[in-house]
Each structure stands twice: as C-alpha cells, then as structure tokens.
Amino acid sequence: MELAKMAGTVAKQLFSRKSVLSCRVLNLGQAHHSRCLSTSHTRQSESSSDSNSKGWLKNILSVRTLPASKESHSSLLSNKETVYEMQFHAVKPENMEEYLKQFESFQQLMHDKGTGAKLIGSFTVEIGDQDEAVHIWQYPGGYPVLNNATEIYRKDKDFIDYRLRRNKMLRSRKNQILLPFSFWPEPTARGGSNIYEMRSYTLKPGTMIEWGNNWARGIENRRSNNEAVAGLFTHLGTQYVVHHLWGYTDLQTRKETREQAWSKPGWDECVAYTVPLIRHMQSRILIPTPFSPLQ
C-alpha cells in the first residue's frame, strides 16, 4: 500500500500542470499512451523575439550589399596599365637639406639606369607630420616595369651606395603601391607656383566600389579651378587607403575653391554618402621640392 501511494504521488508531480513538462494524452484506439513533450511556447517566444530583434536591427543598421562580380574591385576602378608608388620618408630634422640633395641625384640616377620609373611629384610636408618627404613615382606599363625597376634598384652598386647614405638620414620610411582611379585626371605638370593638399582616407573594408561610384560623380564638382591632380588607391601595402591630391595657388585659394563646391548640385550628396565609409582621414599640405615635376 505504501509503495502504491508513493507511486501515485510521484505520478501526480510528473503530470502536474505546474510541471515544466506538459503531458499530452493521445487516444490511439482503445489504448491510452502518455507522451511528455518539452514546452514549445518558450522556444516559440524566443524565436519570435529573435526574429523581432533581427528585424529591429535590420531597420536600424542600413546594410548595403554589393552584387557578386567575377572581376576584382580594383579592376572595376582602374585599368592597371600604370601603377604608382608613394614613398613616405621621415627625415632627421638636421639632415633635411642633405637628404633632398641626395634624393635629387637619386631620381636622376633612376632615369639614367633605364629603370622605367618616372618621378611625378616630390614634396616636403608643410602642415602635417613635420620633416617628412613624400615622393610619387609612376610606372608606365604596370607591374613588369615596377619589377624591372626594383631588380635594378636592389642590385646596382650605385643604388646600394645611395641607400647607405640615405638610411643614416632617416627616422623611418614606408611605401605603398597604388592604382589610379579611372575617373580622375592623370597628373600633369602645372604652371606657376603651387601648394598641394593630399587628403588620405582609410576606408571600411568592402566599400571601395561605393566610394568610387560616388566620387565618379562628385569629382565633376571639383574641376572648375583645375584643382584635381590625382586620385589613387592602394593595391599593395595598407589596404583600403585612398589618396586625393589637389593643387592650389595658396591656402586662401584652397579655402575659396572648397567653399564654392558646396554651391554645386550633387556635392553635398557625395560628402553625405562617402563620410560614413571612412575609418580615418588625414590632410597634408605639401610644398614641391625644386626638382619636382609637379610645381
């Protein structure tokens, strides 16, 4: 009797309505089978909550997706027939004059040795990282020309001697290999005396096409004073970096030119759509060296 009572008590607890498990009695013919199912209401609520949460996030976070493509993003933005190299040299302050003298001889040596490299611009930083030199090289013919120039630069004794002298004058150095945006003008020599602004942007990965699409329209609002010099993006080195090079007569002209852009239809949209793509940005005011092709 006591065992029977205990069994009855346990059965009541197991099949109580307050139990975590709800039991469903299925009538199959004359036989009665009891099956305990874990409650699905909680799971359904969680699923519904997750779905609502995802829907809420989707509405808050405007996610833009790019259609699949069989071409690389760089191929869609540039033809790769010409590549560029940008060199950043942090020079010891006391050595800047000697450094520039040595670099002038070096750029002539690059020409005389038949490397195929062409110096486009050579600058010192006026506003930005002080005692920094920035050099832009062009390699018409693309990577085969760059490979040839690199091979000569590594092995030729004159270049080895130059590097030994140069390295003693530097605090640090870095370079990037870049491609030109197809919708920007090719850098060409300019008349008179100019200053240059290089605006550098580090973009969020995957946004280069969106950047290019917006700037292909936006650049049309920045041609009135012939200020657009070059638009480049990294192919080797730190990725998703864009450099825009602008030329002005002086800082006042820069101010007036940039203010005029805001009066042109579409410029505000270019800024509004591209600013959210940026992770970091930097502006340098550059002064051409006496031997720079861009003056």
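These legends accompany close-up views of a predicted model.

**View 1**
The model is predicted. The chain has 295 residues, and 38% of them count as buried. Take the contacts with a separation of 6 or more: residues 24 or more positions apart account for 78% of these.

H6 spans residues 157-167. Its buried residues are Phe159, Tyr162, Arg163 and Arg166.

**View 1**

**View 2. A side chain meets the backbone at the start of H6.**
Aspartate 156 supplies a side-chain oxygen. This oxygen reaches to within 2.9 Å of the backbone nitrogen of aspartate 158. Aspartate 158 also takes part in the meeting of H6 with H4, shown in the next view.

**View 3. Helices H4 and H6 pack with their axes 11 Å apart.**
The angle between H4 and H6 is about 160 degrees. H4 is therefore roughly antiparallel to H6, since angles over 145 degrees count as such. The crossing of H4 past H6 is left-handed.

**View 4. Side by side, H4 and H6 meet through named residues.**
H4 contributes Tyr99, Gln102, Phe103, Phe106, Leu109 and Met110. H6 contributes Asp158, Phe159, Tyr162, Arg165 and Arg166. Among these H6 residues, Phe159, Tyr162 and Arg166 are buried.

**View 5. Serine 292 lies in the segment after strand E10.**
E10 covers residues 278-288. Serine 292 has a relative accessible area of 5%, so it is buried. The cut-off for buried is under 20%. Which residues does serine 292 touch, not counting those up to four places away in sequence? They are Ile120, Gly121, Ser122 and Phe123.

**View 6. The side chain of serine 292 reaches the backbone of serine 122.**
The side chain of serine 292 comes to 3.0 Å from the backbone nitrogen of serine 122. Ser122 is one of the residues that serine 292 touches.

Terms used
Residues are numbered from 1 along each chain as its sequence is written. This is a predicted model: local features need pLDDT of at least 70, side-chain atom pairs count only at pLDDT 80 or more; totals for chains, interfaces and linings use all residues. Side-chain values use heavy atoms; hydrogens and water are left out. Buried means under 20% relative accessible area, exposed over 50%, partly exposed in between (1.4 Å probe, protein chains only). Helices (H or I, at least four residues) and strands (E, at least two) are DSSP runs, numbered from the N terminus. A polar contact is a pair of N or O atoms within 3.5 Å; within protein, one must be able to donate a hydrogen and the other to accept it, and residues adjacent in sequence count only if both atoms are side-chain atoms. Axes are lines fitted to C-alpha atoms, for helices over the stretch in contact, and angles run from 0 to 180 degrees between N-to-C directions. Angles under 35 degrees count as roughly parallel, over 145 as roughly antiparallel, 65 to 115 as roughly perpendicular and the rest as oblique. A crossing is left-handed if the near helix is turned anticlockwise from the far one by less than a right angle, and right-handed if clockwise. Contact means heavy atoms within 4.5 Å.
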